[in-house]
Amino acid sequence: MINKKVFFVVIIIILILAIFFGFFYKKAIKVFKTGNNKTSQEIVDYILGISSYEVKVTVEVNSNKNSNKYILKQQYVSPNISTQEVIEPSNIAGIKLINDGTSLTLKNSHLDLSTVFENYTYLGDNCIDLISFIEDYKKTEESNYEENETQIVMKTISQNSNQYTKYKTLYVDKETANPIKLEIKDDNEKTTVYILYNEVKINSTDKEEVLAFDLYNIFSSI
């Protein structure tokens, strides 16, 4: 029969080991899931080094006359392959702008390209693309970032001459290292474009996926 003292010592040791390994297991899982072992500068470098992405965004465009809201799916593969598809509003849903690196094509719509650009502000402007912010941040000496407990706030100035899209601010989640929102302001620092990132996939999209033919539309047109 096992001595009672030995039995209790074994039980205590087992409990201590369980608590010890449980603590480090939870800590390891947290680090794995959130990536919070990265420094703020490492997260900024990660954003600036993005080579591809697929995002679903809500875009609100404000002007002196009105305000328009879109839900878009955007894809990008370095160095210059991109697509942008309109999900909402319903009257232009399905419009897809495809940049294959050499030309810009309008797909899945009865509207021509000039009509889209004229009637739907910034829809054809790459200022609402994440890569546009990244390129401006890299090229602008005034670019900088600050942080709070949960976010990194990256600020830059647009390289184009459009007075309505001069200042850009990207908010990045510290735990996931994913963009949360992008604010674009005019030269009077009034918000003209507000972009909310609803779904984000980074560095997991390839050129073939972005430029793949829409088989549904091909067969439906036969």
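Helices (H or I, at least four residues) and strands (E, at least two) are DSSP runs, numbered from the N terminus. Because the model is predicted, local features need pLDDT of at least 70 and side-chain atom pairs count only at pLDDT 80 or more, whereas totals for chains, interfaces and linings use all residues. Residues are numbered from 1 along each chain as its sequence is written, and side-chain values use heavy atoms, with hydrogens and water left out.

Helix H2 spans residues 40-48, and its buried residues are Ser40, Ile43, Val44, Ile47 and Leu48; buried denotes under 20% relative accessible area, exposed over 50%, and partly exposed in between (1.4 Å probe, protein chains only). Viewed down the axis of H2, these buried residues fall within an arc of 140 degrees, so they line one face of the helix; the arc is that of the directions from the helix axis to the C-beta atoms. Glutamine 41 also lies in helix H2, but is partly exposed, with a relative accessible area of 36%. Its side chain makes a polar contact (3.2 Å) with the side chain of tyrosine 145. A polar contact is a pair of N or O atoms within 3.5 Å; within protein, one must be able to donate a hydrogen and the other to accept it, and residues adjacent in sequence count only if both atoms are side-chain atoms. The C-alpha atoms of glutamine 41 and tyrosine 145 are separated by 9.0 Å, although the two residues are 104 residues apart along the chain.

An open sheet is formed by 10 strands in the order S5-S4-S3-S2-S1-S10-S9-S8-S7-S6, with antiparallel pairing; two strands pair if DSSP finds at least two bridges between them. The edge strands, each pairing on one side only, are S5 (104-107) and S6. From one strand to the next, the twist averages 20 degrees. H2 lies across S6, S7, S8, S9 and S10, and runs at about 50 degrees to S7. Axes are lines fitted to C-alpha atoms, for helices over the stretch in contact, and angles run from 0 to 180 degrees between N-to-C directions.

Strand S9 (residues 179-185) pairs with S8 (residues 167-173) over 6 bridges and with S10 (residues 191-202) over 5 bridges. Tyrosine 194 in S10 stands opposite glutamate 183 and is the bridge partner of glutamate 60.

Definitions and conventions
Contact = heavy atoms within 4.5 Å.
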